[in-house]
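Trainee: Could you show me how to read the features of a protein model, taking each idea in general terms before we turn to the case at hand?

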Amino acid sequence: VQLQASGGGLVQAGGSLRLSCAASGSIFSINTMGWYRQVPGKQREWVATITSGGSTNYADSAKGRFTISRDDAKNTVYLQMNSLKPGDTAVYYCNAIISVNVVLTTQYWGQGTLVTVSS
């Protein structure tokens, strides 16, 4: 199983970006999916998660500006980021809890995609 993240880039403050993360491989089911971010020299921090039932949760820093969604037909999770601030600059990682069969469930991470917000 692999997670492939994309959509990062350079954007001016106040702009928007949409991150995508597609899971591929031998997948039985996908449970919770989420996004985290990390600034060099700091710990990775949670941004948002979405359950298999569609329930969402956001870090305070993301509430009102970011929207997480998923397309189960495509095994893909998205993060729509609006009103971006320089403080949002980080490498964004996707995360998913994936079952490869009825008994084995593992947490997977994507490779990260860099988001840079200029002032």
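Mentor: We will go through strands and sheets, then rings and charges, and finally a loop residue.

Mentor: Keep in mind that this is a predicted model, in which local features need pLDDT of at least 70 and side-chain atom pairs count only at pLDDT 80 or more, while totals for chains, interfaces and linings use all residues. Residues are numbered from 1 along each chain as its sequence is written, and side-chain values use heavy atoms, with hydrogens and water left out.

Trainee: Which strands form the open sheet, and in what order?

Mentor: Strands (E, at least two residues) are DSSP runs numbered from the N terminus, and two strands pair if DSSP finds at least two bridges between them. Here four strands form an open sheet in the order β1-β3-β8-β7, with antiparallel pairing. Its edge strands are β1 (2–6) and β7 (66–71), each of which pairs on one side only. From one strand to the next the twist averages 15°, where axes are lines fitted to C-alpha atoms and angles run from 0 to 180 degrees between N-to-C directions.

Trainee: How many bridges join β3 to β8?

Mentor: Six bridges join β3 (residues 17–24) to β8 (residues 76–81), and the two strands run antiparallel.

Trainee: Is strand β9 mostly covered or mostly open, and which strands does it pair with?

Mentor: A residue is buried if its relative accessible area is under 20%, exposed if over 50%, and partly exposed in between (1.4 Å probe, protein chains only). Strand β9 (residues 90–99) is mostly covered, as eight of its 10 residues are buried. It is joined in the antiparallel sense to β4 (residues 29–38) by eight bridges, with M33 standing opposite A96. Five bridges pair β9 with β10 (residues 105–109), again antiparallel, and there N95 stands opposite W109; a hairpin of five residues joins these two strands. Three bridges join β9 to β11 (residues 113–118), also antiparallel, with Y92 opposite T113.

Trainee: How is a pair of aromatic rings described?

Mentor: Such a pair is described by the distance of the centres and the angle of the planes. Rings of Phe, Tyr and Trp (its six-membered ring) pair if their centres lie within 6.5 Å, and planes under 30 degrees apart count as stacked, over 60 as edge-to-face and the rest as tilted. By this rule the count is one aromatic pair. The ring centres of Y36 and W109 are 4.9 Å apart and their planes are at 65°, so this pair is edge-to-face. Because Y36 lies in β4 and W109 in β10, the pair ties together parts that are 73 residues apart in sequence.

Trainee: Which rings does the charged end of R44 sit over?

Mentor: A charge sits over a ring if NZ of Lys or CZ of Arg is within 6 Å of the ring centre and within 35 degrees of the ring normal. R44 sits over the ring of Y93, 3.7 Å from its centre, and R44 also lies over the face of W109, at 4.6 Å from the ring centre.

Trainee: Where is N82 found, and which residues does N82 touch?

Mentor: N82 is in the loop between β8 and β9, and at 29% relative accessibility N82 counts as partly exposed. Contact means heavy atoms within 4.5 Å, and N82 touches G15, S16, R65 and F66, not counting residues up to four places away in sequence.
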